[in-house]
Amino acid sequence: MENMAKIVFGFYTLIILGGSLVAVGAKSLVRAMVGLIATLLGVAGMYMLLNAQFMALMQILIYVGAVCVLIFFAIMLTRADAGGEEAASAPLRQNLLALTAVLSVGGILGWLVLTRPLATTGVPVEVSIEKLGLGLLGPYGLAFELISVVLLVSMAGAVLLAWERRNGK
Amino acid sequence: MSALTLYQLVALILLMAGLFGISQRRSLVGMLISVELMLNGAGLSIVAASQLTPANAMLGQLGTLFVMGLAAAEATLVLAIIVVIARRFGTTKTSVISTLKG
């Protein structure tokens with residue numbers, strides 16, 4: 001059982017690694033989006049492995065179902081050329097600077113993670129969906145209401161932004 | 001190496017990929033994709049830390065749920081901004097969008 005978990009963990013890690021490489025490096029934005037979807041599915045698998053099935057479901061529902069469709073709309077509405085807006089590769093200097101930034105941040109955080117291990121329980125805790133729902137309605141009700149307000153405002157703002165110019169000039 | 005460390009390293013990979021993408025991509029949609037990668041890394045880190053330690057597991061899962069909600073709201077607004085910019089400039093390349101109006 002333990003070995004099986006390790007194998008599955010490695011499999012999901014490979015999916016995440018490959019997917020994020022495609023998402024960051026692909027010349028065509030549609031391909032980058034497919035890489036993003038692979039990464040999101042890999043993370044959903046990780047949630048499943050962490051015994052958080054509800055989170056895995058929400059990950060697929062919200063990210064793959066909603067956010068990726070939004071990104072696809074963005075790609076279509078901006079009439080990205082088929083060759084991809086990223087067709088010409090970035091200048092070497094920019095790549096080097098980006099790599100430096102990533103390695104410095106990643107190095108510091110990785111060093112912190114590796115040298116200061118937390119006390120773990122080993123086995124993931126199980127939280128039932130009932131508990132999550134009661135938490136949303138009880139102690140964390142305010143955050144729940146606030147996030148619905150944020151979603152409403154962002155939706156109204158998006159409509160307003162996309163509308164204004166058509167009416168105006 | 002404990003399981004939690006492995007999960008944190010995977011989250012770190014996601015963060016690094018997103019950071020590299022956002023500093024190297026030259027179109028707004030590519031940057032949006034990179035931001036989503038970073039937010040996913042944050043979510044994975046939160047859930048792993050709450051599930052594998054004696055911390056409050058429910059709080060961790062709900063926190064990640066809120067991160068997802070905020071990511072959805074952010075993607076909606078960024079989509080609208082991208083659409084407006086594409087109408088005004090005809091492109092979403094960041095090198096072209098350099099006009100400020102006070």
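Me: Which residues touch the most other members in the largest nonpolar core?
Reply: In this predicted model, they are A:Y47, A:I71, B:L14, B:V29, B:L32, B:I33 and B:L44, out of 63 residues in that core. A nonpolar core here is a set of buried Ala, Val, Leu, Ile, Met, Phe, Trp, Tyr and Cys residues joined through C-beta atoms within 7 Å. Buried takes 20 or more other C-beta atoms within 10 Å of the residue's own, with C-beta atoms placed from the backbone.

Me: And which elements give two or more residues to this core?
Reply: From chain A, helix 1 (2–25), helix 2 (29–49), helix 3 (53–77) and helix 4 (92–115); from chain B, helix 1 (3–24), helix 2 (28–52) and helix 3 (57–89). Helices are DSSP runs of H or I, at least four residues, numbered from the N terminus.

Me: Where does the largest share come from?
Reply: Helix 1 of chain B, with 14 residues.

Me: What is B:L32 in contact with, leaving aside neighbours within four places in sequence?
Reply: A:I71, A:A74, B:A75 and B:V78. Contact means C-beta atoms, placed from the backbone, within 7 Å.

Me: Switching topic, how much of chain B is buried?
Reply: 57% of its 102 residues.

Me: What box do the C-alpha atoms of chain B fill?
Reply: Roughly 50 × 25 × 20 Å along the principal axes.

Technical notes:
Residues numbered from 1 in each chain as written. Chains lettered and ligands numbered in written order. Predicted model: local features only at pLDDT ≥ 70, side-chain atom pairs only at ≥ 80, totals over all residues. Buried ≥ 20, exposed ≤ 12 C-beta atoms within 10 Å, placed from the backbone. Contact = placed C-beta atoms within 7 Å.
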